[in-house]
Amino acid sequence: MALAGTGVFAEILDGEVYKYYADGEWRASGSGKSVAIVNPTTRKTQYKVQACTQEEVNKVMEAAKVAQKAWARTPLWKRAELLHKAAAILKEHKAPIAECLVKEIAKPAKDAVTEVVRSGDLISYTAEEGVRILGEGKLLVSDSFPGNERNKYCLSSKIPLGVVLAIPPFNYPVNLAVSKIGPALIAGNALVLKPPTQGAVAALHMVHCFHLAGFPKGLISCVTGKGSEIGDFLTMHPGVNCISFTGGDTGIAISKKAGMVPLQMELGGKDACIVLEDADLDLVAANIVKGGFSYSGQRCTAVKVVLIMESVADAVVQKVNAKLAKLKVGPPEDDSDITPVVTESSANFIEGLVMDAKEKGATFCQEYRREGNLIWPLLLDHVRPDMRIAWEEPFGPVLPIIRINSVEEGIHHCNASNFGLQGCVFTRDINKAILISDAMETGTVQINSAPARGPDHFPFQGLKDSGIGSQGITNSINMMTKVKSTVINLPSPSYTMG
């Protein structure tokens, strides 16, 4: 029994095609065209969404600009109240939204539910945090700077940017949408969401929860469509005052084309796991399996390369192989550990990396096996730097192991990558852990755990090609505001208690 597009969500569906959201209502596009969303498991069309036009994007931007002005005059506590309401509605409807995640991106059923609940929690936390940090400004006095008397009082506070364009990725289309929407709204901005094609229907259901919460019309919009038709048109639109993007290489193209607007970008990684000789090897094996293979490795913060000291490599490989043999491979509906990757082109790309490693002599710890988009978990040992998989991001359940003879060798490989999102180091020696973590050129280093984005209030950022700026609830709120100053000029100096 399908839950998506039924009950309170019936109004977001027009026959077979999901509507887009503009000016507080659900609409069919004037284009008369739709975009098909292929279920990764069945490889058949599961849903269809509107193919919005450039003219429709223009209308959305105009409405957003008008709505933002009124929203900026809405008290902080009221903005927070609406966000809390949306969070509760989202959690209440976790089942239909999780169902979309299962069908659109083949996310295991239990993880799909977790993503929706986590997203509700993120929205509530954002409302709380926003009320605190935006409720506080600064008073500066002039006499701290040489040559000045105290005759100027400067009041500075944080003000909205205007219209924020949010572009989340397929792998967390709900969570990485609300991590942009929540901060934008509490800070007084309007929000235009361009969801990924795979994950668009989950995103539309999530947006409907904001609609049901009663946000002012035009403040939140969600446009779907072909990237070729509206992608550049959105990111280069003069009505956009800020872009928050999570995804892949597209982000580099966006950063080159976008105008003079603040950018928040997270563009993937090649997160390295450095294993020292004194590490707890059972902990290492558990984290390699969790970090490298959960959601079939389709996470920005997945472990993407293991750099392990030669003396402990055999033992860890053996432990990891034993755990991989127990993983359940199959459809997401059955809560399998390894589910099909998101598209056929993704599966083909992963296979290309695997074949390259095979030609160049990597050791296959398992037989390479693929059926459709489903790829069985694969550990590649004795990988060398001349293999593509040593550097490229597979975004699939294939993990390379590079054996090293010194810690320096591991740090060097980690830092030679064009990515710098996260990394991790396993050792029982805290002094070594800190030295290595300082030496690793990544936005975050995890000590004795696989990389992870959460909890959602932790700062999350990438160096080099992994991104611009920083996320995490507080950082996102700050990033979506500007500082405004008002200076009071007194006719003569005035000193408190003077």
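Analyst: On a 1 Å grid over the protein atoms alone, a cavity is a set of points where a 1.4 Å probe fits but cannot get out, whereas a pocket is an open set with protein on both sides within 12 Å along at least five of seven lines; lining residues have an atom within 4 Å of a point. Grid points are joined across faces, edges and corners, and a volume is the space filled by probe spheres set on the points. The model is predicted: local features need pLDDT of at least 70, side-chain atom pairs count only at pLDDT 80 or more, and totals for chains, interfaces and linings use all residues. Residues are numbered from 1 along each chain as its sequence is written, and side-chain values use heavy atoms, with hydrogens and water left out.

User: How many cavities of 30 Å³ or more does the structure hold, and which residues line the largest cavity?

Analyst: Rolling a probe the size of a water molecule over the atoms shows where empty space is left. Here there are three cavities of 30 Å³ or more. The largest cavity contains about 100 Å³ of space, and its lining includes Leu122, Arg453, Asp456, Phe458 and Phe460. Helix H5 (175-186) and helix H14 (473-479) are the elements that give two or more residues to this lining; helices (H or I, at least four residues) and strands (E, at least two) are DSSP runs, numbered from the N terminus. By class, the lining of the largest cavity has five nonpolar, four polar and two charged residues. Ala, Val, Leu, Ile, Met, Phe, Trp, Tyr, Cys and Pro count as nonpolar, Asp, Glu, Lys and Arg as charged, and the others, Gly among them, as polar. The second largest cavity has a volume of about 50 Å³, and Lys270, Asp271 and Cys414 are among its lining residues.

User: What is the volume of the largest pocket, and which element gives the most to its lining?

Analyst: The volume of the largest pocket is about 1100 Å³. Its lining consists of 39 residues, with Phe245, Gly247, Gly248, Asp249 and Thr250 nearest the centre. Helix H7 gives the most, five residues. The lining of the largest pocket divides into 17 nonpolar, 16 polar and six charged residues. For the second largest pocket, the volume is about 550 Å³, and 26 residues form the lining. There H4 gives the most, again with five residues, and the classes are eleven nonpolar, six polar and nine charged.

User: In what order do the three strands of the open sheet lie?

Analyst: Strands of a sheet pair through backbone hydrogen bonds, either parallel or antiparallel. Two strands count as paired if DSSP finds at least two bridges between them. In this sheet the order is S7-S8-S28, and the pairing is antiparallel. Strand S7 (138-141) and strand S28 (481-489) are the edge strands, each pairing on one side only. Strand S8 (residues 152-160) pairs with S28 over nine bridges, and lysine 152 is opposite asparagine 489.

User: At what angles does H6 pack against H2 and H3?

Analyst: Axes are lines fitted to C-alpha atoms, for helices over the stretch in contact, and angles run from 0 to 180 degrees between N-to-C directions. Angles under 35 degrees count as roughly parallel, over 145 as roughly antiparallel, 65 to 115 as roughly perpendicular and the rest as oblique. Helix H2 (residues 76-92) meets helix H6 (residues 200-213) at about 130 degrees, their axes being 8 Å apart; H2 and H6 are therefore oblique to each other. Helix H3 (residues 94-105) packs against H6 at about 165 degrees, with the axes 8 Å apart, which makes H3 roughly antiparallel to H6.
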